[in-house]
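Student: Please take one part of this model and look at it closely. I would like its surroundings first, then the ring contacts.

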Amino acid sequence: MTGGAGFIGSNFVHHVLERTDDSVVVLDKLTYAGNMASLTDLPAQRFRFVKGDICDRELVDSLVAKADAVVHFAAESHNDNSLNNPEPFIQTNLYGTFSLLEAVRRHDVRYHHISTDEVYGDLELDDPAKFTPERAYNPSSPYSSSKAGSDLLVRAWVRSFGVRATISNCSNNYGPRQHVEKFIPRQITNVIDGIRPKLYGAGLNIRDWIHVDDHNAAVLTILEKGRIGETYLIGADGEVDNKTVIEKILQAMGQPADAYDHVNDRPGHDLRYAIDATKLRDELGWRPHYTDFDAGLAATIEWYRTNESWWRPQKAVVEAKYAAQGQ
Ligand code: NAD
Ligand code: DAU
């Protein structure tokens, strides 16, 4: 697998090693978003870490040659970063996916591609529709367009070369080990540090929150039972607007619900994402386990409270970067 030192990837490593007998090899470049502290207490005989770039064709080829399956999580993942400097997003998300596709094609290895609901663009706040796998792609940011492009590469490699691949597009994840640049960890660690949470614009934007373990359980299900060439949307009916999320965090942490600041909005800010996961539920029998967002949020707050050494080294750099852009 790739990207195993990141947020979702590291939780996937723990998930797979706890729930299966499989062995896992992680290829990860350890960018600012990779954290080896997320990969401790793992069974040494079933886990190996390789530091390297998915764009390194030779390295990727040598690792894929020995794998039964490849799950591709590695990416530049943050929209705000993609607005400041799109180049690494083009390189890692597009060329990196190409590099993996060529290796799995050469060695005929099963491939699962991790992607995002943002490839579909956004929905109006009052639109009754949700994203379905048939919906046309309409990405908004350099991040989401690079992910959309990577999905299209996978589809082409399936059709033209018979690569045995599946794709999943998931909504916003929350849970332990998420980088403090992201919305929920940023606000939790702000409150811990006595900094007021920062809401972009009016904060009416809606995200469809899913616990990272539910995402990873779905990925494992697709890897085991998914139909080759198919796209599965992963979501747990967790729509909440950003203002409400900040109020929930403040209240859960014993602060007044209005103790936050409005800051500059994100350019091109998507309004609403919403996933229709019927295909995943009906075809593969997947169900989310974490259906109570407030309980999941409380557990996540507790994780950041008790794992300060995990996030502390990242915090000042992230806040300085946001401050420079009035966010
Ligand atoms: P993350 O930023 O936390 O982690 C990304 C990982 O990839 C890091 O460990 C980083 O070191 C590694 N990486 C980056 N460039 C690399 C390269 N060139 N070679 C090797 N490794 C490299 O990301 P995340 O939030 O865990 O997201 C993982 C995947 O899930 C991404 O593909 C993302 O698009 C997708 N996704 C994320 C969410 C979400 O809410 N976070 C939702 C849906 C889909
Ligand atoms: O939908 C899936 C996507 O979810 C993934 O593909 C991305 O990798 C992941 O980063 C996430 O993208 P978002 O842009 O939705 O997540 P982010 O955590 O950056 O922001 C969530 C919402 O909160 C968004 O509407 C912007 C807003 N926000 C964000 C930050 C960091 C704030 O209001 N204040 C903040 O400080």
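Tutor: Start with two rings. Tyr120 is buried, and Phe131 is buried as well. Keep in mind that this is a predicted model. Tyr120 and Phe131 form a tilted aromatic pair. Their centres are 5.2 Å apart, with 35 degrees between the planes. Both residues lie in the loop between β4 and α5, so the pair ties together parts that are eleven residues apart in sequence.

Strand β4 covers residues 110–116. Is this strand mostly covered or mostly open? It is mostly covered: seven of its seven residues are buried. Take the faces in turn. In a regular strand, side chains alternate between the two faces of the sheet. On one side of β4 sit Arg110, His112, Ile114 and Thr116. On the other sit Tyr111, His113 and Ser115. Both faces are covered, and every one of these residues is buried.

Next, the neighbours of β4. Which strands pair with it? Strand β3, residues 69–72, runs parallel to β4 and is joined to it by four bridges. In this pairing, His72 stands opposite His113 of β4. Strand β5, residues 165–170, also pairs with β4 in the parallel sense, over six bridges. There, His112 has Thr166 of β5 as its bridge partner.

Tyr95, Phe98, Trp157 and Phe161 form one aromatic cluster. Phe161 also has a charged neighbour: Arg105 lies over the face of its ring, 3.7 Å from the ring centre.

For a pair with another geometry, see Trp303 and Trp310: their ring centres are 5.3 Å apart and their planes stand at 75 degrees, so the pair is edge-to-face. Trp303 has 17% relative accessibility, so it counts as buried. Trp310, at 9% relative accessibility, counts as buried too.

Definitions and conventions
Residues numbered from 1 in each chain as written. Chains lettered and ligands numbered in written order. Predicted model: local features only at pLDDT ≥ 70, side-chain atom pairs only at ≥ 80, totals over all residues. Heavy atoms only, no water. Buried < 20%, exposed > 50% of the residue type's maximum accessible area, 1.4 Å probe, protein only. Helix = DSSP H or I, 4+ residues; strand = E, 2+ residues; numbered from the N terminus. Pairing = 2+ DSSP bridges. Phe/Tyr/Trp six-rings, centres within 6.5 Å; stacked < 30°, edge-to-face > 60°. Lys NZ or Arg CZ within 6 Å of the ring centre and 35° of its normal.
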